[in-house]
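Hi,

Here is the structure I promised to pass on to you. Have a look at it first, and then read on for my notes.

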Amino acid sequence: MKDKVFQKDFYCVYNDYNVSLRTTELNLLYLPLVGSDAVKLYQFLGSKMIGDTNLSKNYLHYDILDNLALSNHKFIVARKKLEAIGLLQTFYIDNNGVGQFVYKIKQALSFSDFFNTPVL
């Protein structure tokens, strides 16, 4: 995976469920594990879904960095934490020198599933 993100790289979000349905689990279970930057990023990416489609339109990474007040380094760290805990999958496409990221949001586990997962 690419460790450098430029503000002019594009991204879109793939999601097939409503992120806000697991807000309590995110705040009580995941926040202590991944920190506030990662949880903010997860919720921000989840908010990009508009309408009935599962794929958002294209945005610039400047949108994330500016709205969440994250540096490039903090963004990469938050993204890697989400990937490590299983809340995000990242795909990168190099389209003639223009970067395109696809962020696939994974549903947060319920309380019972979380506590029945040995790794967590």
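The chain has five helices and four strands, where helices (H or I, at least four residues) and strands (E, at least two) are DSSP runs numbered from the N terminus. Their order along the sequence is β-α-α-β-α-α-β-β-α. With a radius of gyration of 14 Å, close to the 14 Å that the globule rule gives for 120 residues, the chain is as compact as a globular protein of that length. That radius is taken over C-alpha atoms, and the rule is 2.2 Å times the number of residues to the power 0.38.

Please keep in mind that this is a predicted model: local features need pLDDT of at least 70, side-chain atom pairs count only at pLDDT 80 or more, and totals for chains, interfaces and linings use all residues. Residues are numbered from 1 along each chain as its sequence is written, and side-chain values use heavy atoms, with hydrogens and water left out.

Now for the overall picture. Along the principal axes, the C-alpha atoms fill a box of roughly 45 × 35 × 25 Å. Of the 120 residues, 39% are buried; buried means under 20% relative accessible area, exposed over 50%, and partly exposed in between (1.4 Å probe, protein chains only). If you take the contacts (heavy atoms within 4.5 Å) between residues at least 6 apart in sequence, 70% of them join residues at least 24 apart.

What does helix α2 (residues 36-46) bury? Its buried residues are A38, V39, L41, Y42, F44, L45 and G46. They pack against β1 (10-14), α1, α3, α4, β3 (88-95) and β4.

F75 is buried at 1% relative accessibility, and Y103 is buried at 0%.

Y92 and F101 make a tilted pair, because their ring centres are 4.8 Å apart and their planes are at 55 degrees. Here Y92 is partly exposed at 28% relative accessibility, whereas F101 is buried at 0%. Y11, Y59, F75, Y92, F101 and Y103 form one aromatic cluster.

A69 lies in the loop between α3 (61-67) and α4, and its phi is near 55 degrees, a positive value in a residue other than glycine. A69 is exposed, with a relative accessible area of 66%. T24 belongs to helix α1 (residues 23-34) and is partly exposed at 45%. Between T24 and V119 there are 95 residues in sequence and 20 Å in space, C-alpha to C-alpha.

Key:
Phe/Tyr/Trp six-rings, centres within 6.5 Å; stacked < 30°, edge-to-face > 60°.
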